[in-house]
Amino acid sequence: MPDRQDHATAPIRLRDYTPPAWRVESIELSFELGIDTTEVAARLHLRGDASRPLRLDGEGLELLAIALDEQPLDAGAWRYADGVLEVDGARDGSVLSTRVRIHPAANTALEGLYLSGSREAGFLLTQCEAEGFRHITFFPDRPDVLTRYTVTLQAERARFPVLLAGGNPDGAGELPDGRHWARFVDPHPKPCYLFALVAGRLEKIQRDYRTADGRDVKLVIWAEADVIDSCHYAMDALERAMRWDEQAYGRNYDLSVFHVVATHDFNMGAMENKGLNIFNAKYLLADPDTTTDDEYKAVEAVVAHEYFHNWSGNRVTCRDWFQLSLKEGLTVFREQQFSADMNSAALKRIEDVALLRRAQFPEDAGPLAHPVRPAEYHEINNFYTATVYEKGSELVRMLAGRLGQKGFRRGMDRYFERNDGRAATIEDFLAALGDANDLDLMPYLAWYGQAGTPRLRARGHFDAGARRYTLTLSQHAQAAAGQPEKPPLPIPVKLALFDRDGRMLALRIDDRTLGNETVVVLDRAEQTFAFDEIERSPVPSLLRGFSAPVILECDSAPADLALLLTHDPDGFNRWEAGQQLAALAFDDCRHGGRTALQAWCNALAQLFADCALDPALLADLLTPPGEVELAEREQEVDPAQIHALRQQLQKQLAETIGVLALAQRLAALDVAGPLQLDAVAKAQRRLKRRVLELLALADAPTAQARADAQYRRAQGMTDRLAALSVLVRSEAASAADALADFRRRHADNPLALDKWFAVQAQLPGERALERVRSLESDPAFTLKNPNRARALLGTFASSNPSGFHRADGAGYRLLAERLVALDALNPQIAARLATAFNGWQRLEPVRRDAARHVLSALAETPGLSRNLAEIVAGMLKS
């Protein structure tokens, strides 16, 4: 069971960082593995200052034996309390030996060593990031202690035929009484959060790979027997990622074997343990019958992400957890580059920016806002956030844009060479990039220290007599706790100018010809840029490619945005103009206006008739900002009203396109024959779903009939789930039969059942709560599995604003009750689900009072974990 801790502990602060007094040069670990009890023997080869006490972290450990330099210690020579073991008499070069007992089956927090699955058929595995290793043995559990590991695993062969640990295999053999052993040695020093072991009954697929520098590597993916055949796509993705990293960054794999293991019981998406990656099965298993097109992309991206960590995170790790984005933000950026190269760059950029606005912008605007590099924390697990990951990636993207492709590669080469085998900082990263390009990039450090999303204001003026267009840019950042004043940031603004016929203009500043697209850097509160030889008032296209993570404030006329939506040659910028225009059209729906609404609908109807347009891009263009993004524009948020107005907006679009045109396009996209997984087929399915959703708003009976037929004929999960979603959300008569069929069809597939729970949790409006309550009584629902809890409760609370934010507060009460129950099992997941309350202070008064009451009561609940208590306390800050 998880430890219940005092959540009033003092915060850990970046400014208080000091290097470790003691390091562990190498460690020998020996495990006697068992489900109920496991014994762990450790020998730590110490280097340090004998004048300072030896203090090691350890939580929930039953200490069986302790010796220093082979001499057993009496009780007076050591103290173990409050998660810390303190030992007297250690000197530089000493060897500390301990033996402890731990209890994997009782570990519901899924942190440290735990059991995945049933006692009879499940397997043992570890999760040590961020501070899980202290639940396995005594050790200085901090990322700046880099150690070489030798790990020996011993277990009953019949129950644990597969024994794995990080590093290279270094022997295996038989033991008496039906037991066996295996040893692994990792030649690369690593922090303890990268330690991993797996033991149990698993099957494998294997492939030989030769790196660009000539190293032969065995790639092995492990999973339980019933799903091992769903691992082939992940194997292909892994090989693509390895080859791409060799070509794009010159990084080669550095061990003789690379193991990957799938589990259904995992708090995170995946973990990059050196040589033994452990994956949430959601991001490793893939087959057409149970995996959507978007999930195939997610598998490819996450496999690549964890592999790329081998250098950006493992070979070069972070000095302390304040530098978390140094490995995560950087690796997200590398993953995004890879995915863009493997698929469509424009669609990938749309996807990334949409996620940023849906997840990170609200985080930046709420009570849990924090810098990419926070100044302090209580519980580090609460800082695995969109700010650290997605905004952190955007900061790397800014730097890459500033340096250009070749300059960024030079900088990354310098960074890896200079910091290989070290625990680095953000300053080290900026210094390496800058030194390799003779630039001072330290002004960008300010981005890492500011919470909140800067606002970029743009004003244009055309002087016909001077043939000059003047663009004035200014920036503003909202004050935040601890940051009453924020200095200007360097904001790169990529821009272009269009004439009234939709053609890009040549740009000239100060007699310099810049082509038809350029980047200007706003590094003061306000700056003006003048473009010469402009014949007519142009249409500006600003922040192209989303060149900085800011909120753009620009009084663009609807006609100008419609021009960009229909003429911009870049897919992302076309989508961005459409999003801005859709937001204005949404305002028209609220206030009875017509100008922006007509411009948006007419422009999209024109694009809908263009059969040459990429279907996947068209699907994204036809999708307005989501309810979460629209709420970010409101002073007082009424989720039910936002849902109704967005539905009205989409209904107007559907009617402008026309029922007949929608039905004809849907029929044209309904291709018979075997399922295809190529890019063209995926793009067609993406558009098919969007057209079906629009048709449901314009002609529900026709759409429901089409959805019912599509569900019954679907060759794969993408079309099946799309049809099921339309049936459920439109409350079609056939929805119940389709749900029952889906439940029977996928009864034995946990990942497919997660979709079944999630699609119902998205039922809009007040009806959702009753549906969620009924689903909690389904035999397949359990709070013990993180994926299942996220599928039902997480989807309801975070992805269904009109359902969760009921005016009577019933949605809040339901979530709070479940958070208490979940916190007793798995504090990390409870804390992450609690972030659904983010933004409650901007709700309209009735909902705001209901949320405050529930959160206040939750904060007073006895025995909350430090994880959940910190989130709730943060939510209640004014």
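**Close-up views**

**View 1. Seven nonpolar, four polar and one charged residues make up the lining of the largest cavity.** Here Ala, Val, Leu, Ile, Met, Phe, Trp, Tyr, Cys and Pro count as nonpolar, Asp, Glu, Lys and Arg as charged, and the others, Gly among them, as polar. As this is a predicted model, local features need pLDDT of at least 70 and side-chain atom pairs pLDDT 80 or more, while totals for chains, interfaces and linings use all residues. Residues are numbered from 1 along each chain as its sequence is written, and side-chain values use heavy atoms, with hydrogens and water left out. The volume of the largest cavity is about 120 Å³ (the space filled by probe spheres set on grid points joined across faces, edges and corners). A cavity is a set of points on a 1 Å grid over the protein atoms alone where a 1.4 Å probe fits but cannot get out; lining residues have an atom within 4 Å of a point. Around the largest cavity you will find Pro540, Ser541, Leu542, Leu552, Cys554, Ser556, Leu561, Leu564, Asn573, Glu576, Ala577 and Gln580. At least two lining residues come from each of β32, β33 (551-554), α8 (558-567) and α9 (571-591) (DSSP runs numbered from the N terminus: helices H or I, at least four residues; strands E, at least two). With four residues, α9 contributes the most. In total, four cavities of 30 Å³ or more are counted.

**View 2. The second largest pocket has a volume of about 1,300 Å³.** A pocket is an open set of points with protein on both sides within 12 Å along at least five of seven lines. Of the 41 residues that line the second largest pocket, Ile12, Asp57, Arg134, Asp141 and Arg142 lie nearest its centre. Two or more lining residues are given by each of β1 (12-13), β4 (54-57) and β7 (78-81). The largest share, three residues, belongs to β4. By class, the lining of this second largest pocket holds 19 nonpolar, six polar and 16 charged residues.

**View 3. Three strands form an open antiparallel sheet in the order β30-β27-β32.** Strands β30 (518-522) and β32 (539-542) are the edges, each with a single partner, so one side of each has no neighbour in the sheet. Five bridges hold the antiparallel pairing of β27 (residues 491-498) with β30 (strands pair if DSSP finds at least two bridges between them).

**View 4. Asn785 sits in the loop between α20 (767-776) and α21 (786-799).** Its relative accessibility is 12%, so Asn785 counts as buried (under 20% relative accessible area; exposed is over 50%, partly exposed in between, with a 1.4 Å probe and protein chains only). The Asn785 side chain reaches the backbone nitrogen of Arg788 at 2.9 Å.

**View 5. Arg866 belongs to helix α26 (residues 866-875).** Arg866 is also buried, at 15% relative accessibility.

**View 6. A cis peptide bond, with omega of about 10°, joins Glu129 and Ala130.** Look for Ala130 in the loop between β11 (123-127) and β12 (147-156).

**View 7. Glu70, a residue other than glycine, has a positive phi near 70°.** Glu70 is in the loop between β5 (62-68) and β6 (71-72). Asp177, not a glycine either, has a positive phi of about 65°. The loop between β14 (168-175) and β15 (179-190) carries Asp177, which is exposed, with a relative accessible area of 76%.

Methods:
A polar contact is a pair of N or O atoms within 3.5 Å; within protein, one must be able to donate a hydrogen and the other to accept it, and residues adjacent in sequence count only if both atoms are side-chain atoms.
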